[in-house]
Structures are given as C-alpha cells and as structure tokens.
Amino acid sequence: MNISAGVESGLQEEQRAVTGRLVIYEEAESTQDLAKSMALSGEPEGTAVMALDQTRGRGRVGRSWVTPRGKNVALSVILRPRLSPRDAVLLGLLASVAVAEAIEEMGVPEAQLKWPNDVLVYDRKVAGILSEGIVSGSRMDFLIVGIGLNVNSTESDFPSDLRTPATSLLMCTGREWDLPEVARSILKHFAVLYDRVKSEGCGIVPPLWERRWRDRGKQLAHEGMVGIGKGLDADGALVLEQSNGSVVRINCGDVLPA
Ligand code: BTN
C-alpha cells in the first residue's frame, strides 16, 4: 500500500525547490529498488521513497541492512545531478552530513562521521548511507542516495554480529520519534546542502564532512595497511599517511581504527 505524503508545508521556498514529494510505503524489499524504478520511469529529482518495513535492505559492500518493522527510517532519494559519476561519492558524504545535522537538531549531542558515510554518536553507528548511480557513458543519469537511520530501535533490535556497535535516536534522546517527521527533517537538511553544492560546487563537501570526522590524526587500518588519517581529497577518497611518509588514497572498502 502506498501512502503518499506531501512536503511539509512549513518549508521555505528554496528548500521546497529541491525537496520533492515523499512517498511512504508500508512495506518494501528495498527502497533503493523502488526509487530506481521510479527514476527510470522519469520521476524528477527530489522525490524520496520511504518504507515503514524494509525486508531486504542493502548496505554497503554487499552487506544487508536490517530495518525492523516501524522502527527505523529507510529512505531513498532520487537525484539527477549534473556531475560526473565520480562525484557520486561526494553526494553520499553530503547525505551523511545532512543526517548528522538533522539528528543534532533533534537533540543528539554530537554526531560524528566515519569514512565514507557512517554517522556515529558516542562511537556507535546510528546511520549509514548507500549511494547507487546509473551512468550513461561519462555522465550520471541519476543517483539514488539511500539513508538508513536507526530511530526507535532498542539494543535487542540490533543483530548481535554487528561490526560497529549500533545506537538509535531513541537511545540517544530518550524519546520515540515519528518516522515520516524524521525523514522530512533529513530531507530538509539534505536539500539545503544539495542546493549549496549546485550553486557553489562539490568543493564544499570535503570541509563540511571533515568538520565532523571522528578519525583525523588517528591510526587507521585498511586491508592490512596502516596510516594516519589526514583528510579527504577532492573526490571524497580518504587520504592516509604511512609511517614512511607515503600517502595512500582509499576509494572503497572499510577503514577501521588500527
Ligand atoms: C551501510 O551499509 O551503512 C549503508 C546502509 C544503507 C541502508 C539504506 S536503508 C534505505 C536504503 N534502502 C536500502 O536497501 N539500503 C538503503
């Protein structure tokens, strides 16, 4: 069943310009797939799809993403950026900044980021982002930015084998939240940031992200290699400096504290 909800009426004009309709499904296998098929049918930029129950959610690097019924936000946004495919990474990073801003507005004390786009509170993961682009030749046709935010979950809702311990808005703020309201808040923050990227360019993304980065100056490990976290390069790759002074750029996979 499809409950269609309009955009919050209180939004200002410039936000409304890029925050399109929010379509809420009772149940979906993955909101990424729903958003993708809507985009293929010509749905405009800014439309977002949310599912109250997501049964086959996808995470990064082929992992699954669990969304217990009615507990968490599973949200996918259609973007049609005039950017090259490599800039898709930057929009995923931008989405993590938007989630961090939104949850701080809801009373979370300090939201930090872990490369590439995990949102952490007190070192526990509260949200993750999956961006999937459809490319024709050298240009991006559209990009689906998928956002999974733990909202009303409690400890017993999380799988016991998580790589990073998890938390939720409820666990951080002590109260339950309305899922569509939380989704609209994320979309509002994302719309403002995305408008800035459109007018000022992608160069604004690395500094915005780095301001919230948990691991600057820390020893980090990636596929058997260890280095100090230095920052992001212009493409959103993570830059590590090894003890011999050589600099390594990481484009995919996981980076963990060493
Ligand atoms: C991660 O691995 O950290 C990214 C998780 C992304 C999950 C979201 S939930 C909404 C959207 N639909 C999916 O199937 N995945 C993304």
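Modeller: Happy to. Keep in mind that this is a predicted model. Let's begin with the backbone.

Colleague: Okay, what should I look for there?

Modeller: As a general idea, most residues other than glycine have a negative phi, and most peptide bonds are trans. Now for the cases that go the other way. The bond joining Trp-115 to Pro-116 is cis, with omega near 0°. You'll find Pro-116 in the loop between strand E6 (111-114) and strand E7 (118-121).

Colleague: Is Tyr-122 buried or exposed?

Modeller: Exposed counts as over 50% relative accessible area. Tyr-122 comes out at 65%, so it is exposed. Asp-123 has 43% relative accessibility, so it counts as partly exposed.

Colleague: Let's do a helix. How many residues does H5 have?

Modeller: In general, an α-helix has 3.6 residues a turn, so residues three or four places apart point the same way. Here, H5 covers residues 179-200, which is 22 residues. From first C-alpha to last, H5 reaches 31 Å, close to the 32 Å expected at 1.5 Å a residue.

Colleague: What goes on at the two ends of H5?

Modeller: At the start, Asp-178 has a side-chain oxygen that comes to within 3.0 Å of the backbone nitrogen of Glu-181. After the helix comes Gly-201, with a positive phi near 100°.

Colleague: How is the chain divided into domains?

Modeller: Into domain 1 (11-210) and domain 2 (219-257). Their C-alpha centres lie 24 Å apart. Domain 1 puts 13 residues into the contact, and domain 2 puts in 15 residues. Between them the two domains bury about 1,100 Å², with 54% of it on carbon and sulfur atoms.

Colleague: How many salt bridges cross that interface?

Modeller: Three are found between domain 1 and domain 2. There are also six residue pairs in polar contact across the interface. On the side of domain 1 that touches domain 2, the elements giving two or more residues are helix H3 (88-105) and helix H6 (205-210).

Colleague: Which residue forms a salt bridge with Arg-63?

Modeller: That's Asp-254, and the closest N and O atoms of the pair are 2.2 Å apart.

Technical notes
Residues numbered from 1 in each chain as written. Predicted model: local features only at pLDDT ≥ 70, side-chain atom pairs only at ≥ 80, totals over all residues. Heavy atoms only, no water. Helix = DSSP H or I, 4+ residues; strand = E, 2+ residues; numbered from the N terminus. Buried < 20%, exposed > 50% of the residue type's maximum accessible area, 1.4 Å probe, protein only. Expected span 1.5 Å × (residues − 1). Polar contact = N/O pair within 3.5 Å; in protein donor to acceptor, adjacent residues only side chain to side chain. Domains from an automatic or database assignment. Contact = heavy atoms within 4.5 Å. Buried area = accessible area lost by both parts, 1.4 Å probe. Salt bridge = Lys/Arg side-chain N within 4 Å of Asp/Glu carboxyl O.
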